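Good morning, and thank you for coming. I would ask you to keep the sequence and the structure in view while I speak.

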Amino acid sequence: MFKQAEVEIGGRKLIVETGRLAKQAHGSVLVTYGGTVVLVTATRAQDARPDVDFLPLTVEYQERMYAVGRIPGSFFRREIGRPSEKETLSARFIDRPLRPLFADGYQYETQVIATIFSADQQNEPDMLAMIGASAALTVSDIPFHGPIAGVRVGYINGEYVLNPTRDEMEHSRLDLVVAGSRNAVVMVEGGSDSLSEKEVLEGIYFGHAGMQPILDLQEELRAAVGRAKLEVAPAPVNEPLKSRVAALATEGMRRVITTVDKMERSDAYRALIETVLPQLGEEYADALGEAKAYLYDLKKSMMRDRIVKEQCRIDGRRFDEIRPISSEVQALPRTHGSALFTRGETQVMVTATLGSTQDEQRMDSLYGDVTKSFMLHYNFPPYCVGECRFMRGPSRRDIGHGALAERSLRAVLPKDDSFPYTIRVVSEVLESNGSSSMATVCGGSLALMDAGVPLRKPVSGVAMGLIKEGDEVVILSDILGDEDHLGDMDFKVTGTDEGVTALQMDIKIEGVSREIMARALEQARAGRIHILGKMAETMSEARKELPEHAPKIFHMQINPDKIRDLIGPGGKVIKGLTAEFNVKIDVEDSGKVMIFAPSGEVANKVVARIDELTKEAEIGKIYKGTVRKIMDFGAFVEILPGTDGLVHISELENRRVEKVSDVVKEGEEIMVKVLNIDNNGKIRLSRKAAMEELSS
């Protein structure tokens, strides 16, 4: 059945329709906002997968170049291969608020696909995809406890703006994606220009208030055309087995959750499993998988009880205490900048590399061919958690963590005109026990300063956790891996001593209140300041000089008309300079030339050569030139590379000349003086005047 609903959001009409397109999906909606149109479908498999112990949900976000009237730039002229970073990140933040809202016991393979049909390049399609995903699930028979909605919040000229356009975002100090249900915020992702915690919190709840009409719209659709939900029941609890596991494992589990070292704790947990399972006997021989699940539940409940009731964390820290920190810079000899950052059992090696504009990342996107001059790549190899697994390139998690760290540091980078380098930061996670993305931010800040990048302020980050049992709420700073896995929230906050540069929040419960979020932000601020103090003991500001191995940038200006002389036919001249001196040369249409050289000495040689190639004739100056062509009325003489002028027959000698060839020959070098340069650039030369001046 066809149904359309609409509401005004941010001064523009949001339209959601269902029942006209993709009707064989279990739920489908078409979302329109301005000239941006997104189709979102939700489909489930026909049969459940009782063998899985996780929600088999996948979310795909697909950009189509036809949406902006473009043909893809790939060889095959179609969208192929791995999703772009933008597509991956968008799919992640759609997935995260949806995942906790499926019914317990739901084990059907489920796929949500958002396809961008049209993009007006002002209204971002990612927010429409999030709304559409919730709406498609809401009208389907899939047991989804929604709806949720998503909005983007900007902060422009001291005012919060709901779903700002792309042009408006150019002037915004805040770029925040907020997802929420009727009563609570369920996901936050974004960055800011060092806004205060209070300003960020106001932005989050401005967004939550602004999304309420979108929730009303989805409820209207559900009431009109929603299908009856598939009935699923949570897996039945085998109470005798659960009690038996608890009786056998409680004492040993107490030792597990009080073991401070991560690997020792993991070994103790595995040893406990190997001890308990054989004791269950023949009666439960066919239920060992279920017994393992009860052991995990026991671990979770005992750890949470210890934190809430005994006020004690796994490693004995206070709730707001940060793990021991150590750091060093110049950790690697040949990198431009490097830092080894360790916090507890989490350790990262971060490098910073400086390059030229030729090293910028170029991407084919809905907004045309765009470039990035700052990149941060995060690598999480299996050895960092003591595992073995296939390595198939960056995962969605790697890309998401890298994007968060990149956003955190981008806010404090110098402007391109004052530091025109392309910058790449790479974080190699060497050990991980929680907060490796935040360690990446800290290590990245140090590595950039070690490379001589003049950051506006150093940046640090901390991951916050939450344990909520009834009315009891505990907020944890700098969470361990187990506190993340067994807790209710992962709230990462990064920033300077002035304010927040990025944040990311995911929760596993229905939502968190404003009071809890305010407490978490303030506790995160205190942790961030503490970490900045520890980092300052290693390095508090950027080096004044670039490292020895870093390229040096030199600028010069040439006449734009001379660019062709510097480039040469088919790029021959500039390629020759690049190969001869091992430099990179970038030339802009304005005539601005940037030389990326290994040393100042080499750069000076290149500058001299370019100056020789592109310098212009000066009136009154004498040049040694080469006769290139003889005519009846005079000779054309090349006085500079690519620059020649005419010596009229009357200017050859201080006497009457009958034939030009009586005085000069083609290929001969002669001294000439520039008499005049007209408005068209034609140069009048004199051999006679040059000889008179040189002989006087």
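**A buried leucine, a surface patch and a barrel**

At 17% relative accessibility, L340 counts as buried, because the cut-off for that word is under 20%. Please bear in mind that this is a predicted model.

Where does L340 sit? L340 belongs to strand 12, which covers residues 337–343. Leaving aside residues up to four places away in sequence, L340 touches S326, S327, E328, A331, Q347, V348, M349 and L430. Consider also L340 and G444: 104 residues separate them in sequence, while their C-alpha atoms are 9.4 Å apart in space.

Let us turn to F76. Is F76 buried or exposed? F76 counts as exposed because its relative accessibility is 59%, and the cut-off for exposed is over 50%. In the chain, F76 lies in the loop between strand 5 (57–62) and helix 1 (85–98). Together with F75 and I80, F76 forms a nonpolar patch on the surface, and the accessible area of the three residues together is about 410 Å².

Five strands form a closed barrel in the order 25-26-27-29-28, and their pairing is mixed. From one strand to the next, the twist averages 50°.

As one example, A635 has V647 in strand 27 as its bridge partner.

Finally, helix 16 (residues 687–695) lies across strand 25 (622–631), strand 27, strand 28 (669–677) and strand 29 (683–686). Helix 16 runs at about 110° to strand 28.

Thank you for your attention.

Conventions
Residues numbered from 1 in each chain as written. Predicted model: local features only at pLDDT ≥ 70, side-chain atom pairs only at ≥ 80, totals over all residues. Heavy atoms only, no water. Patch = residues over 30% accessible without salt bridge, like charges linked within 9 Å, V, L, I, M, F, W, Y side chains within 5 Å. Areas by Shrake-Rupley, 256 points an atom, 1.4 Å probe, with all protein chains shown as cover. Salt bridge = Lys/Arg side-chain N within 4 Å of Asp/Glu carboxyl O. Helix = DSSP H or I, 4+ residues; strand = E, 2+ residues; numbered from the N terminus. Buried < 20%, exposed > 50% of the residue type's maximum accessible area, 1.4 Å probe, protein only. Contact = heavy atoms within 4.5 Å. Pairing = 2+ DSSP bridges. Axes fitted to C-alpha atoms, helices over the stretch in contact; angles between N-to-C directions.
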